[in-house]
Amino acid sequence: MTFEINPFEILLLEDEPADAHLVRVSLKEARVHCQLHHLLDGREGLDFLQRKQPFESAPRPDLILLDLNMPRMNGHEFLAAVKADENFRDIPVVVLTTSEVERDVEASFKHGAAGYITKPVDMQQFTAAISQLSDYWFVLTRLPRENKI
């Protein structure tokens, strides 16, 4: 008897295409069995979670990777909205940003972030950070999965 395990669903909110590409490549190199959904800002992210057009068939993410500096709705606004909504507050959100500003770290955790990673500028370090993130969230930690097996 064989089981097919559904991939982890990751929602990436990132307005910088190069950074989104790095995340995608790094997840692939880390051999994370996942489906990456990349959107450009917090407004799109909320529409995805709420399954508004054009995201009516969007899966519930197991993990959200969130940039802070995005147009229309920034990461802080998105994080506050998600954590205020009882339907989504249990989805872990990890901030993945270039900001090293302490008030961004404090505000992220205050609004319920599960983690805060400053994006390394070096490609190898970036890949290593994504690999460690993946190991933590998808190997070491058990996430609630609704009917995923």
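Reader: How far apart are the mean positions of the positive and negative charges of the protein chain?
Author: Lys and Arg count as positive, Asp and Glu as negative; His and the chain ends are left out. Each charge is placed at NZ of Lys, CZ of Arg, CG of Asp or CD of Glu. For the 16 positive and 24 negative charges, the mean positions are separated by 5 Å.

Reader: What kind of model is this, and what pLDDT do side-chain atom pairs need?
Author: Residues are numbered from 1 along each chain as its sequence is written, and side-chain values use heavy atoms, without hydrogens and water. The model is predicted: totals for chains, interfaces and linings use all residues, local features need pLDDT of at least 70, and side-chain atom pairs need pLDDT 80 or more.

Reader: Which pattern does the protein chain follow along the sequence?
Author: Helices (H or I, at least four residues) and strands (E, at least two) are DSSP runs, numbered from the N terminus. The protein chain has 5 helices and 5 strands. Read in order, they give β-α-β-α-β-α-β-α-β-α.

Reader: What share of the 149 residues is buried?
Author: Buried means under 20% relative accessible area, exposed over 50%, and partly exposed in between (1.4 Å probe, protein chains only). By that cut-off, the buried share of the protein chain is 46%.

Reader: Where is Ile64 found, and is Ile64 buried or exposed?
Author: Ile64 is found in strand E3, residues 63–66. Its relative accessible area is 0%, so Ile64 is buried.

Reader: Which residue is 53 positions from Ile64 in sequence but 4.7 Å away in space, C-alpha to C-alpha?
Author: Contact means heavy atoms within 4.5 Å. Beyond four places in sequence, Ile64 contacts residues including Leu49, Phe78 and Val93. Leu11 is also among the contacts of Ile64. The residue at 4.7 Å, C-alpha to C-alpha, is Leu11.

Reader: Which feature does UniProt place at Asp67?
Author: UniProt positions use the numbering here, feature names are shortened, and annotations may be inferred rather than shown by experiment. Asp67 is found in the loop between E3 and helix H3 (75–84). The unreviewed UniProt entry marks Asp67 as "modified residue: 4-aspartylphosphate".

Reader: Is Asp67 buried or exposed, and what is its relative accessible area?
Author: Asp67 touches Leu13, Glu14, Asp15, Gly75, Leu96, Thr97 and Lys119, leaving out residues up to four places away in sequence. Asp67 is buried, with a relative accessible area of 5%.
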